[in-house]
Amino acid sequence: VTGKMAAASRKVFELFVSRVPWTLTCNELREYFSQFGTVKKCLMPFDKETGFHRGFCWVGFSTEEGLQNALMRDSHTVEGTKLQIQRNRRALTGQRLNSRDINDSGL
């Protein structure tokens, strides 16, 4: 594998999703967004005090096409709630996030 190919395989095309109902899990969001393309990750910050997630997350697609497919949909409604989505402007990889605040497994 050349360096260029390895770098491309690590690239993630991310959506920022807000207005996420507290009843939704990462796995459910991953499943929903997989209709648009292969979902590589779902990161959902949790509030330490309440134990609930904070109502937003990042969904990462493995291709630009998956991201564009999701962005082209007029609205995204899951469990009767309209999610708000936008292309993530900043890469998550550079941010320092406390691993205890992130649920990447949906548990």
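Predicted model: local features only at pLDDT ≥ 70, side-chain atom pairs only at ≥ 80, totals over all residues.
Me: How many salt bridges does the structure hold?

Reply: Side chains of opposite charge can pair when their charged atoms come close. The structure holds two such salt bridges. In one of them, Glu14 pairs with Lys41, and the closest N and O atoms are 2.8 Å apart.

Me: Are Glu14 and Lys41 buried or exposed?

Reply: Residues with under 20% relative accessible area count as buried, and both Glu14 and Lys41 are buried.

Me: Which residue meets Arg87 in a salt bridge?

Reply: The partner of Arg87 is Glu64, at 2.7 Å from N to O. This pair also links distant parts of the chain: Arg87 is in strand 5 (residues 81–87) and Glu64 in helix 3 (residues 64–72), 23 residues apart. Arg87 is partly exposed, its relative accessible area being 26%; Glu64 is likewise partly exposed, at 29%.

Me: Which residues of helix 3 are buried, and where do they lie around the axis?

Reply: Gly66, Leu67 and Ala70 are buried in helix 3. Their arc around the axis covers only 100 degrees, so they lie on the same side of helix 3. Glu65 and Met72, on the other side of helix 3, are exposed.

Me: What do the buried residues of helix 3 pack against?

Reply: They pack against strand 1, helix 2 (26–33), strand 3 (56–61), strand 4 (76–78) and strand 5.

How values were computed
Residues numbered from 1 in each chain as written. Heavy atoms only, no water. Salt bridge = Lys/Arg side-chain N within 4 Å of Asp/Glu carboxyl O. Buried < 20%, exposed > 50% of the residue type's maximum accessible area, 1.4 Å probe, protein only. Helix = DSSP H or I, 4+ residues; strand = E, 2+ residues; numbered from the N terminus. Arc of directions from axis to C-beta. Contact = heavy atoms within 4.5 Å.
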